[in-house]
Amino acid sequence: MNLATWFEQGLSKHQYIHTMDEHRDDLLTIHNHFQLEKSDLEFLHSLQSERIRALVLTADWCGDAMVNLPIFMRMADEAMIESKYFNRDDNLELMDQYLTNGTSRSIPIIILIDQNGQEIGKWGPRAPQVQSYVDNAKQELPPKGEPEFKQAFLSFISETTERFTTDIDMWTHIKEDMISMMKQSVSVTKY
């Protein structure tokens with residue numbers, strides 16, 4: 001199935017948010033507090049004539065989606081990027097086209113397409129600075145087989161969720177990485 005056909009089957013932003021149970025409040029908190037700078041707005045407004053669309057692979061339980069999607073949603077609104085959301089586990093045929101490192105169904109994945117349904121860009125699942133934070137935090141965990149692993153992992157999830165919902169610098173890294181991808185994608189469509 002081509003990406004334009006997939007796009008027609010996705011949920012709108014509002015439909016997706018209304019399906020959420022686990023991270024809806026955190027996603028909305030980030031969405032309502034995230035700010036774009038004037039230069040970001042100028043760039044995003046310049047995309048309005050490009051008629052870009054996005055397919056977003058996600059899941060409500062995913063902490064990375066919780067922090068990345070509200071930032072993307074705000075930028076997509078400014079750029080008039082119509083976006084459709086797909087629950088990862090209900091759309092494995094699409095997900096398996098976008099495996100991280102060729103093996104992992106990591107999310108979120110944001111796929112930009114042009115008006116003809118051709119892929120022009122892809123982002124996800126994490127900005128490099130966020131990946132570095134997660135990698136460093138995971139190094140502190142005991143080995144998976146150890147009895148204390150489960151409690152340490154739950155603490156890691158709780159601390160990471162707290163940081164994702166409050167760390168404005170982290171939000172800025174995510175925004176900058178997404179904008180970089182968008183700039184590369186637009187240069188593909190213009191040349």
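Helices (H or I, at least four residues) and strands (E, at least two) here are DSSP runs, numbered from the N terminus. This is a predicted model, so to speak of its local features takes pLDDT of at least 70, and side-chain atom pairs count only at pLDDT 80 or more, while totals for chains, interfaces and linings use all residues. Residues are numbered from 1 along each chain as its sequence is written, and side-chain values use heavy atoms, with hydrogens and water left out.

Let's start with the backbone. Most residues other than glycine have a negative phi, and most peptide bonds are trans. Here are the exceptions to look at.

| Site | Feature | Value | Where |
|---|---|---|---|
| R51 | positive phi | about 55 degrees | loop between α4 and β1 (53-58) |
| I107 to P108 | cis peptide bond | omega near 5 degrees | P108 in the loop between α6 (92-95) and β3 (109-113) |
| G124 to P125 | cis peptide bond | omega about 5 degrees | P125 in the loop between β4 (119-123) and α7 |

On accessibility, buried means under 20% relative accessible area, exposed over 50%, and partly exposed in between (1.4 Å probe, protein chains only). M80 has a relative accessible area of 54%, so it is exposed. R51, also at 54%, is exposed too.

Axes are lines fitted to C-alpha atoms, for helices over the stretch in contact, and angles run from 0 to 180 degrees between N-to-C directions. Angles under 35 degrees count as roughly parallel, over 145 as roughly antiparallel, 65 to 115 as roughly perpendicular and the rest as oblique. Contact means heavy atoms within 4.5 Å. For residue classes, Ala, Val, Leu, Ile, Met, Phe, Trp, Tyr, Cys and Pro count as nonpolar, Asp, Glu, Lys and Arg as charged, and the others, Gly among them, as polar.

Helix α5 (residues 63-79) and helix α8 (residues 149-166) have axes that come within 10 Å and cross at roughly 0 degrees. That makes α5 roughly parallel to α8. On the α5 side G63, D64, M66 and V67 take part, meeting T161, F164 and T165 of α8. By class, this contact has three nonpolar, three polar and one charged residues.

Helix α4 (residues 38-46) packs against α5 at about 55 degrees, with the axes 7 Å apart. That makes α4 oblique to α5. Here L41, L44 and H45 of α4 meet M75, E78 and A79 of α5.

D26 sits in helix α3 (residues 24-33) and is partly exposed, with a relative accessible area of 26%. Beyond its neighbours within four places in sequence, D26 is in contact with M66, T161 and T165.

K175 belongs to helix α9 (residues 168-190). K175 counts as buried because its relative accessibility is 4%. Not counting residues up to four places away in sequence, K175 touches F34, L36, E37, D40, I71 and M75.

**The largest pocket**

A pocket is an open set of points on a 1 Å grid over the protein atoms alone, where a 1.4 Å probe fits, with protein on both sides within 12 Å along at least five of seven lines; lining residues have an atom within 4 Å of a point. The largest one holds about 420 Å³ of space. Its lining has 21 residues, with W61, C62, G63, D64 and R126 nearest the centre. Helix α8 gives the largest share of that lining, six residues.

How values were computed. Points joined across faces, edges and corners; volume = space filled by probe spheres on them.
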